[in-house]
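Work through these exercises with the model open beside you. Try each task before you read its solution.

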Amino acid sequence: MDLEALRRYSALHPKPAGLTLQYGTAGFRSRAEQLDHIVFRMGLLAILRSKAVTATIGIMVTASHNPEEDNGVKLVDPLGEMLHPSWEEYATQLANAEEQELQKVITEICQKAEVNLHKDASVFIGRDTRPSSKKLSQSVIDGIQVLGGQYHDYGLVTTPQLHYMVCCQNTQGQYGKATLEGYYEKLSKAFMELIKQSHCSGENQKHLKIDCANGIGALKLSEMKPYFPQEVVIHIYNDGTKEKLNHLCGADFVKVQQKPPGGLDMKPNERCCSFDGDADRIVYYYKDTAGHFHLIDGDKIATLISIFLKELLAKVKQDFKMAVVQTAYANGNSTRYLQETLKVPVHCVKTGVKHLHHKAQEFDVGVYFEANGHGTVLFSKTAETKIRQLVKEEKDDEKREAAKMLENMIDLINQTVGDAVSDMLVIEAILALKGLTVQQWDALYTDLPNRLLKVQVADRRVIDTTDAERRALTPPGLQEKIDALVKKYKLSRAFVRPSGTEDVVRIYAEADTQVRQGVMKEVCFHTCHLTMLNKC
Ligand code: G16
């Protein structure tokens with residue numbers, strides 16, 4: 001380690017006195033001006049991780065759904081997954097070390113994680129369109145160079161594109177070509193192969209309006225447009241030329257507010273969708289002829305994909321284990337539909353795609369989606385090999401055709417992480433193949449009326465949870481209040497948890513009717529009261 005270079009460069013990226021930041025749900029997030037030392041140090045950490053696992057690591061500068069003034073950093077592990085949880089603690093230690101302790105903390109990490117500093121290291125870098133992202137990604141490069149690593153800067157890319165690149169690189173191209181063209185070609189080819197078998201694409205079914213949250217999704221969709229077949233005509237809104245990122249638009253806004261984004265003119269029954277700021281989430285929606293807004297969130301996306309995959313799996317007659325992974329935010333009726341009508345096992349884990357991804361890996365076909373629209377499907381190596389073999393060797397036409405569709409789904413789905421572009425193409429293909437309108441999809445089941453609120457409290461860390469965040473352990477008395485409240489209403493459920501991406505507490509409540517959601521007001525009141533609220 002070049003100690004002189006470490007001292008010199010860390011002085012250029014000083015840690016503000018007294019500032020402590022925790023590794024959250026998806027890495028570090030804060031106001032952009034507080035993050036320069038964090039991204040520099042995550043450059044250092046990425047090199048250590050790369051040396052530890054002898055593979056390329058990814059760093060994405062983004063704060064995804066957060067306001068434009070925020071920023072953050074997401075670290076990508078060798079196969080495109082989120083950073084392994086065992087390294088989150090090292091990330092927090094390195095982020096919060098005082099400058100004079102940096103070398104000591106690096107040495108400790110090297111000892112604990114058995115990092116050989118003499119090994120080679122390489123890092124892929126990407127960034128979103130926030131005004132602060134370019135400078136922050138330069139600080140990442142400083143960190144990488146101090147520890148003598150190689151890097152490739154992809155510049156402006158969506159988060160899932162960077163995950164894809166890392167996976168391609170570490171599988172020596174088996175997953176695809178580690179270039180944007182490689183990504184566009186792989187997805188569009190699989191999509192075209194899939195919809196070849198569709199017989200029902202009326203003129204209206206071709207069109208899709210996309211709210212890109214004024215973020216990177218708009219740029220990358222425009223680049224991809226020439227690769228789209230004529231069966232899909234996309235119309236891009238909120239492309240970032242006029243308004244601020246995520247402001248009154250984007251997947252998070254639409255999901256939380258349960259209303260259409262600004263800047264998108266929606267006619268009755270038109271199929272529309274919204275991406276979030278770094279294009280790793282997607283939600284669909286439409287307005288009916290009476291003007292009512294209908295949200296089709298991650299739960300309904302998971303349901304549509306599960307129906308489609310289950311039918312294909314039945315046709316290929318293999319003993320594949322399929323399951324859906326959700327979080328506490330999943331609408332109660334989605335879980336009931338999946339378990340009782342579709343007969344698919346459902347598992348509930350803590351918020352954060354890292355938790356869902358990990359659980360989904362236990363199955364041959366693991367469908368995971370958060371209600372907020374973040375999700376994907378994982379196929380086990382055994383399932384993938386068997387499916388590809390059936391495509392080549394199966395004599396029975398129906399079985400071989402089903403296997404072919406599954407093979408194209410495997411290639412179309414970004415298995416490294418939730419990806420708004422890939423998920424959108426998966427959904428569009430399924431709707432076309434099944435001849436479903438957005439209204440028919442929506443009518444699969446009716447969501448229980450629900451509300452999701454954020455409140456600011458003095459210190460959100462006083463709330464500790466258990467049971468996949470469905471129950472509060474602290475502050476004392478809060479869970480008892482929630483239990484007493486939900487008992488009063490039919491199909492009622494509520495929980496409180498601290499966000500891992502924003503300085504807020506999230507409160508979720510659902511019940512059989514909107515009127516009974518008085519439960520939300522009361523849970524909010526007790527949360528505020530018991531956490532000694534600042535503002536509510
Ligand atoms: C990130 C995570 C998601 C999570 C969301 C909200 O999304 O990747 O898994 O659902 O944060 O987390 P929290 O409720 O802890 O704030 P994104 O799209 O912002 O990267």
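Helices here are DSSP runs of H or I that hold at least four residues, and they are numbered from the N terminus. The model is a predicted one.

**Exercise 1. A residue in a helix**

Find the helix that holds Q257, and decide whether Q257 is buried, exposed or partly exposed.

Solution. 
Step 1. Q257 sits in helix α10.
Step 2. Recall the cut-offs: 20 or more other C-beta atoms within 10 Å make a residue buried, 12 or fewer make it exposed, and anything in between is partly exposed.
Step 3. Q257 has 13 C-beta neighbours inside 10 Å, so it counts as partly exposed.
Step 4. Now look along the chain. R451 is 194 residues away from Q257 in sequence, yet their C-alpha atoms are separated by 8.6 Å.

**Exercise 2. The active-site annotation**

Where does UniProt place the feature "active site"? Describe the surroundings of that residue.

Solution. 
Step 1. The UniProt record, an unreviewed entry, puts this feature at S64.
Step 2. S64 belongs to the loop between β2 (56–61) and β3 (70–76).
Step 3. Count neighbours. S64 has 29 other C-beta atoms within 10 Å, so it is buried.
Step 4. List contacts, leaving out neighbours within four places in sequence. S64 then touches A26, D276, G277, D278 and D280.
Step 5. Turn to the ligand. It is surrounded by 18 residues, and S64 is among the closest, with T25, S499, G500 and T501.
Step 6. Sort the shell by type. It has 2 nonpolar, 10 polar and 6 charged residues.

**Exercise 3. The five-stranded sheet**

In what order do the 5 strands of the open sheet lie?

Solution. 
Step 1. The order is β1-β3-β2-β4-β5, and the pairing is mixed.
Step 2. Find the edges. These are β1 (28–31) and β5 (150–156), each of which pairs on one side only.
Step 3. Check the twist. From one strand to the next it averages 15 degrees.
Step 4. Zoom in on one pair. β2 and β4 (residues 122–127) are parallel, with 6 bridges.
Step 5. Pick one bridge. T56 is partnered by S122 in β4.
Step 6. α6 (residues 159–170) lies across β2, β3, β4 and β5, and runs at about 170 degrees to β2.

**Exercise 4. Backbone angles in loops**

Solution. 
Step 1. L248 is not a glycine, yet its phi is positive, near 55 degrees.
Step 2. L248 lies in the loop between β7 (233–237) and α10 (250–257).
Step 3. L248 is partly exposed, because it has 16 C-beta neighbours inside 10 Å.
Step 4. N269 is not a glycine either, and its phi is about 65 degrees.
Step 5. N269 is found in the loop between α10 and β8 (272–275).
Step 6. With 14 other C-beta atoms within 10 Å, N269 is partly exposed.
Step 7. The cis bond links T474 and P475, with omega about 0 degrees.
Step 8. P475 is in the loop between β17 (471–474) and α18 (478–487).

**Exercise 5. An annotated region**

How much helix and strand does the chain have over residues 388–415?

Solution. 
Step 1. The unreviewed UniProt entry annotates residues 388–415 as "coiled-coil region".
Step 2. In the model, this stretch is 79% helix and 0% strand.
Step 3. The C-alpha atoms at the ends of the stretch are 16 Å apart.

Note on methods:
Residues numbered from 1 in each chain as written. Predicted model: local features only at pLDDT ≥ 70, side-chain atom pairs only at ≥ 80, totals over all residues. Near = placed C-beta within 6 Å. Nonpolar A, V, L, I, M, F, W, Y, C, P; charged D, E, K, R; others polar. UniProt positions renumbered as here; feature names shortened; annotations may be inferred. Helix = DSSP H or I, 4+ residues; strand = E, 2+ residues; numbered from the N terminus. Contact = placed C-beta atoms within 7 Å. Pairing = 2+ DSSP bridges. Axes fitted to C-alpha atoms, helices over the stretch in contact; angles between N-to-C directions.
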